[in-house]
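Here's a quick briefing to read alongside the model. Have a look at the chain first, then work through the notes below.

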Amino acid sequence: MEPELQKSDYADAGSVSAEKGGSLAPASSEEASNAEFQQILDQVSDFLAKLPEYIGKFYGEYRQPVVTVALIVFALISVKILLALLGAINEIPLLSPTFELIGATYTGWFIYRYLLRAENRQELSSKIATLKGQVLGQK
């Protein structure tokens with residue numbers, strides 16, 4: 001019995017649409033979709049027009065954190081590029097052992113020059129203090 005009721009419901013709906021013209025009006029749905037599209041387009045246009053103002057307000061309010069995050073990102077990118085460059089240099093056959101020899105030689109000279117005797121260690125300490133004062137500012 002229910003299937004007959006459903007068929008009659010569909011038949012009634014078909015007769016109603018046939019009375020109105022036989023089908024739904026496609027022009028009204030196209031007009032509605034065009035109106036919705038135009039509304040969305042207007043909203044996007046307004047947002048893009050005000051975007052520099054929004055960015056200016058955001059940067060003005062959060063200047064220090066934005067600069068900090070930008071510096072951190074820049075530092076990470078720089079380290080990544082430096083590591084890639086060192087990896088490429090390390091692949092060149094004679095450069096890697098040459099750089100190791102230069103580093104070992106400089107380390108030996110530094111130890112001999114500044115770390116073996118007490119007066120040289122004091123000289124190194126005073127040079128570090130002077131450099132620290134120049135970088136951080138005099139107190």
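Lys-57 is exposed, with a relative accessible area of 53%; buried means under 20% relative accessible area, exposed over 50%, and partly exposed in between, using a 1.4 Å probe and protein chains only. Its side chain meets that of Glu-53 in a salt bridge, 3.6 Å from N to O, where a salt bridge is a side-chain nitrogen of Lys or Arg within 4 Å of a carboxyl oxygen of Asp or Glu. Keep in mind that this is a predicted model: local features need pLDDT of at least 70, side-chain atom pairs count only at pLDDT 80 or more, and totals for chains, interfaces and linings use all residues. Residues are numbered from 1 along each chain as its sequence is written, and side-chain values use heavy atoms, with hydrogens and water left out.

**Salt bridges**

- Side chains of opposite charge can pair when their charged atoms come close.
- A search of the whole structure turns up three salt bridges.
- Glu-53 and Lys-57 both sit in helix H2 (residues 26-61), four residues apart, or about one turn of the helix; helices here are DSSP runs of H or I with at least four residues, strands are runs of E with at least two, and both are numbered from the N terminus.
- Glu-53 counts as partly exposed, at 46% relative accessibility.
- Arg-113 and Glu-123 also meet through their side chains in a salt bridge, this one at 3.0 Å, N to O.
- Because Arg-113 lies in helix H4 (residues 95-115) and Glu-123 in helix H5 (residues 118-136), the pair ties together parts that are 10 residues apart in sequence.
- Arg-113 is partly exposed at 27% relative accessible area, and Glu-123 is partly exposed too, at 26%.
- Glu-123 forms a salt bridge with Lys-127 as well, with the closest N and O atoms 3.6 Å apart.
- Lys-127 and Glu-123 are four residues apart in helix H5, so about one helical turn separates them.
- Lys-127 counts as partly exposed, with 40% relative accessibility.
- Put together, Arg-113, Glu-123 and Lys-127 are linked in a network of salt bridges.

**Aromatics**

- What describes a pair of aromatic rings? The distance of the centres and the angle of the planes do.
- The structure holds six aromatic pairs; rings of Phe, Tyr and Trp (its six-membered ring) pair if their centres lie within 6.5 Å, with planes under 30 degrees apart counted as stacked, over 60 as edge-to-face and the rest as tilted.
- Phe-110 and Tyr-114 have ring centres 5.2 Å apart and planes at 50 degrees, so this pair is tilted.
- These two, Phe-110 and Tyr-114, are four residues apart in helix H4, which puts about one helical turn between them.
- Is each ring residue buried or partly exposed? Phe-110 is partly exposed, at 27% relative accessible area, whereas Tyr-114 is buried, at 10%.
- Tyr-106, Trp-109, Phe-110 and Tyr-114 form one aromatic cluster.
- Leaving aside neighbours within four places in sequence, Phe-110 is in contact with Leu-115 and Leu-124, contact meaning heavy atoms within 4.5 Å.

**Surface**

- Ile-40, Val-44, Phe-47, Leu-48 and Tyr-54 make a nonpolar surface patch of about 480 Å²; patches are made of residues with over 30% relative accessible area and no salt bridge, like charges being joined within 9 Å and nonpolar side chains (Val, Leu, Ile, Met, Phe, Trp, Tyr) within 5 Å.
- Val-44, one of the patch residues, is in helix H2 and is partly exposed, with a relative accessible area of 42%.
- The protein chain exposes about 12500 Å², and carbon and sulfur atoms supply 66% of that; accessible areas come from the Shrake-Rupley method with a 1.4 Å probe, and for residues only the protein chains shown count as cover.
- Of the chain's 139 residues, 4% count as buried.

**Fold and confidence**

- The protein chain has five helices and zero strands, in the pattern α-α-α-α-α along the sequence.
- Its pLDDT averages 84, and 80% of the residues score at least 70; pLDDT is the predictor's confidence in each residue, from 0 to 100.
- Confidence is lowest in helix H1 (residues 2-20), at a mean of 48, and highest in helix H3 (residues 63-90), at 95.
- Over residues 11-22 the pLDDT is below 50, and this stretch has two contacts in the model beyond near neighbours in sequence.
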